[in-house]
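Please keep the sequence and the structure in view while reading.

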Amino acid sequence: KKLIEEGDFEASVAYYCLHKFNMLPSQFISLPTNEQAFIYAAIDIKRKQDEEEAKKIKSRSSSKGRRR
C-alpha cells in the first residue's frame, strides 16, 4: 500500500494491471520485457488522455459558471 500511495512506478503499474486487466502482479512480472514495456507505454498514453479529458471537462464546467 505504501509503495502505491508514494507513487512507486512499478507498484502503480501492478495495481493498474490488477484492477483493469485482472492480472496478478506475479503474472505481470513474469511477462517478457517487451510485453511489460508495451503495458507501461499503453498505461502512460491512457493516463495522458485521461488528464486531457479532465482538463476539458473542468474547462467546460468553469466556463458554464461564468455565463450567469
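A salt bridge is a side-chain nitrogen of Lys or Arg within 4 Å of a carboxyl oxygen of Asp or Glu. With that term in hand, Asp 44, Arg 47, Lys 48 and Glu 51 can be described as linked in a network of salt bridges. The model is predicted, and the structure holds 5 salt bridges.

**Confidence of the model**

- The protein chain has a mean pLDDT of 85, and 93% of its residues reach 70 or more.
- Helix α3 (residues 25–29) has the highest mean pLDDT among the elements of the chain, at 89, whereas helix α1 (residues 2–5) has the lowest, at 72.
- Where pLDDT is low, the predicted coordinates should not be read in detail.

**Salt bridges within the network**

- Lys 48 and Asp 44 join their side chains in a salt bridge, with a distance of 3.4 Å from N to O.
- Both Lys 48 and Asp 44 belong to helix α4 (residues 33–66), where they lie 4 residues apart, about one turn of the helix.
- Lys 48 has a relative accessible area of 45% and is therefore partly exposed, and Asp 44 is also partly exposed, at 29% relative accessibility.
- Glu 51 and Arg 47 form a salt bridge through their side chains, at 2.9 Å from N to O.
- Glu 51 and Arg 47 also lie in helix α4, 4 residues apart, or about one turn of the helix.
- Glu 51 is partly exposed, with a relative accessible area of 39%, and Arg 47 counts as partly exposed at 39% relative accessibility.

- The side chains of Lys 46 and Asp 50 meet in a salt bridge of 2.9 Å, taken from N to O.
- Lys 46 and Asp 50 are separated by about one helical turn because they stand 4 residues apart in helix α4.
- Lys 46 counts as partly exposed at 36% relative accessibility, and Asp 50 counts as partly exposed at 38%.

**A patch of negative charge**

- Which residues gather in a patch of negative charge on the surface? They are Glu 5, Glu 6, Asp 8 and Glu 10.
- Glu 10 is placed in helix α2 (residues 9–21).
- Is Glu 10 buried or exposed? Its relative accessibility is 54%, so Glu 10 counts as exposed, the cut-off for this class being over 50%.

Key. Residues numbered from 1 in each chain as written. Predicted model: local features only at pLDDT ≥ 70, side-chain atom pairs only at ≥ 80, totals over all residues. Heavy atoms only, no water. Patch = residues over 30% accessible without salt bridge, like charges linked within 9 Å, V, L, I, M, F, W, Y side chains within 5 Å. Areas by Shrake-Rupley, 256 points an atom, 1.4 Å probe, with all protein chains shown as cover. Lys, Arg positive; Asp, Glu negative; His and termini not counted. Charge placed at Lys NZ, Arg CZ, Asp CG, Glu CD. Helix = DSSP H or I, 4+ residues; strand = E, 2+ residues; numbered from the N terminus. Buried < 20%, exposed > 50% of the residue type's maximum accessible area, 1.4 Å probe, protein only. pLDDT = per-residue confidence, 0-100.
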